[in-house]
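Please open the model in your viewer and keep the selection tool at hand. We will take a short tour of its pockets.

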Amino acid sequence: MNALTFPILRLLADGKFHSGEEIARHFSVSRTTVWNALQHAEQMDIEVFSVQGRGYKLPQPVTLLDEQSILNTLDKYGASLHLEVHDHLASTNSYLMQNISVAKHATCVAANLQTSGRGRRGRSWHAGLGASLTFSLLWRFQCGASALSGLSLATGVALIRSLHELGITGSQLKWPNDVLINQQKLAGILIELQGDMEGPSTAVIGMGINLNLPDSLKQQIDQPVTDLASAINSEINPNQLLGTLLKHLTDVLAVFEQGGFAALREEWSQHHAYHEQTVRMLMPDGREIHGIVQDVAEDGSLLITTADGLQRFMSGEISLRGL
Ligand code: BTN
């Protein structure tokens, strides 16, 4: 990205018009340089209105992430976390995976704009400036990767607790770890692991939460989708949301380290959108298995009563659908 693009976007974050002349003066550059920098923004799908005689503006005000505001929400939890806020990154998960051997335990990397986000099962995760909260948390475990099978479900519990703390009700989990409101996807979790089966191991826990998706972004997403702006009537501050999530993640990960997913299983089940409902499981080979959700097991697998009896489904490449 052009080095001036993001500084100009910070200026435009108030959602008001700023003339090319004013911006140029602010950064001691020419108006052509300003224009070029904002062309780069458009190339990255950031909509900037340009009106002759008035200048440039974003479609609406945007609250950008900043470390101090996140730390204010984190309070005493801040001391045990390492926070990095980036203007833009291809993917916060990829960034931490690339730095996995050097990054400190409990490093959180957040990006104001994630340009090549990755989802589960090889999908893309679409995000935009002010449209989504995207971050990843690196966590080191003494246990091996084999003991972390329920980790992604455990982090879903932290997400639900955070939404509740912020007064956002009606959110549900969909196995293994989507968060839904009104049966539409609000947030997703991608966990990547490195380490030996016997331990120690490192997890990169990535979360994407839709804040205020413009129609252009919604159209790129091939499943029913929602955002916090539609689900609640007031604005949610992404700094407060991230701080709240990190507090609950810290608590949930401590419980998980002590007792595994078993210690969180009941709470997870209480929020499962498909608990005791008939579902279809889409298998990687194209088969569909129908059954009734019984429960979730202590290793995070889903237990379903099918025509062939009780079957256990591990996450990974399997996709759950309602009937
Ligand atoms: C899914 O539902 O498929 C998981 C989506 C996970 C998206 C987040 S956004 C932050 C982090 N960085 C990524 O590239 N992906 C995760």
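This is a predicted model: local features need pLDDT of at least 70, side-chain atom pairs count only at pLDDT 80 or more; totals for chains, interfaces and linings use all residues.

**Stop 1: the largest pocket**

Select Gly128, Leu129, Gly130, Ala131 and Pro214; of the 44 lining residues, these lie nearest the centre of the largest pocket. The space here comes to about 970 Å³.

Next, colour domain 1 (5-57) and domain 2 (67-270). Both give residues to the lining, so the largest pocket lies between them.

Now show the elements around it. Strands S4 (107-114), S6 (124-125) and S7 (132-141) each supply at least two lining residues, as do helices H7 (215-218) and H8 (228-231). S4 has the largest share, with four residues.

Colour the lining by class. You will find 24 nonpolar, 17 polar and three charged residues.

**Stop 2: the second largest pocket**

Select Arg123, Trp125, Asp178, Lys185 and Gln223. They lie nearest the centre of the second largest pocket, which is lined by 42 residues. Among the elements giving two or more residues to this lining are helix H5 (92-98) and strands S9 (178-181), S11 (201-210) and S16 (319-322). Select strand S10 (184-195) as well. S10 gives the most here, five residues.

The volume of the second largest pocket is about 680 Å³. Its lining has 14 nonpolar, 19 polar and nine charged residues.

Which domains does this pocket lie between? Colour domain 2 (67-270) and domain 3 (278-322): both give residues to the lining, so the second largest pocket lies between these two.

Technical notes. Residues are numbered from 1 along each chain as its sequence is written. Side-chain values use heavy atoms; hydrogens and water are left out. On a 1 Å grid over the protein atoms alone, a cavity is a set of points where a 1.4 Å probe fits but cannot get out, and a pocket is an open set with protein on both sides within 12 Å along at least five of seven lines; lining residues have an atom within 4 Å of a point. Grid points are joined across faces, edges and corners, and a volume is the space filled by probe spheres set on the points. Ala, Val, Leu, Ile, Met, Phe, Trp, Tyr, Cys and Pro count as nonpolar, Asp, Glu, Lys and Arg as charged, and the others, Gly among them, as polar. Domain bounds come from an automatic or database domain assignment.
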